[in-house]
Amino acid sequence: QVQLVESGGGLVQPGGSLRLSCAASGTIFSINRMGWYRQAPGKQRELVATITSGVSTNYADSVKGRFTISRDNAKNTVYLQMNSLKPEDTAVYYCNADVQPRLPSARSIYWGQGTQVTVSS
């Protein structure tokens, strides 16, 4: 069984910063791509950023230059540093991971439970 646990959300003023963390645990053999997604009220879940095991990154246009995704492979953890936050960044943020568990379990995509980020004065 594999679990993803996010932390670091909260309330921040416009222009402020937050750092999200997501730790994967369980019977993990390897983790391929990891990513962050978000879902605002009344909207579909959208991609924020992804990072491969080779640390190649990809960002949504709306967060380029403000957010940075990184990972610590030794800790099976992915981070999202969010700077210059805007009210439109308000959403529940979810991490996900493409995990190869130890055999005989099959490779699967796992999701965290989500963490609320609210940007408001």
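A disulfide (a pair of cysteine sulfur atoms within 2.5 Å) joins C22 to C95, with an S to S distance of 1.9 Å. The two cysteines come from distant parts of the chain, 73 residues apart: C22 sits in strand β3 (residues 18-26) and C95 in strand β9 (residues 91-101). Strands here are DSSP runs of E with at least two residues, numbered from the N terminus. A search of the whole structure finds one disulfide, and both C22 and C95 are buried, where buried means under 20% relative accessible area, exposed over 50%, and partly exposed in between (1.4 Å probe, protein chains only).

A word on the model itself: it is predicted, so local features need pLDDT of at least 70 and side-chain atom pairs count only at pLDDT 80 or more, while totals for chains, interfaces and linings use all residues. Residues are numbered from 1 along each chain as its sequence is written, and side-chain values use heavy atoms, with hydrogens and water left out.

Contact, meaning heavy atoms within 4.5 Å, links Y93 to a set of residues including E6, L20, W36, F67, L80, M82 and V117, leaving aside residues up to four places away in sequence.

The β7 and β8 strands pair in the antiparallel sense over six bridges; pairing requires that DSSP finds at least two bridges between two strands. In this arrangement S70 stands opposite Y79 in β8. On β7, F67, I69 and R71 make up the covered face, whereas T68, S70 and D72 make up the uncovered one. The two strands form a hairpin with four residues between them, and N76 in the turn has a positive phi of about 50 degrees. N76 is partly exposed, with a relative accessible area of 24%.

V55, in the loop between β5 (46-51) and β6 (57-59), has a positive phi of about 60 degrees although it is not a glycine. A cis peptide bond joins L103 and P104, with omega about 15 degrees, and P104 is found in the loop between β9 and β10 (108-111).
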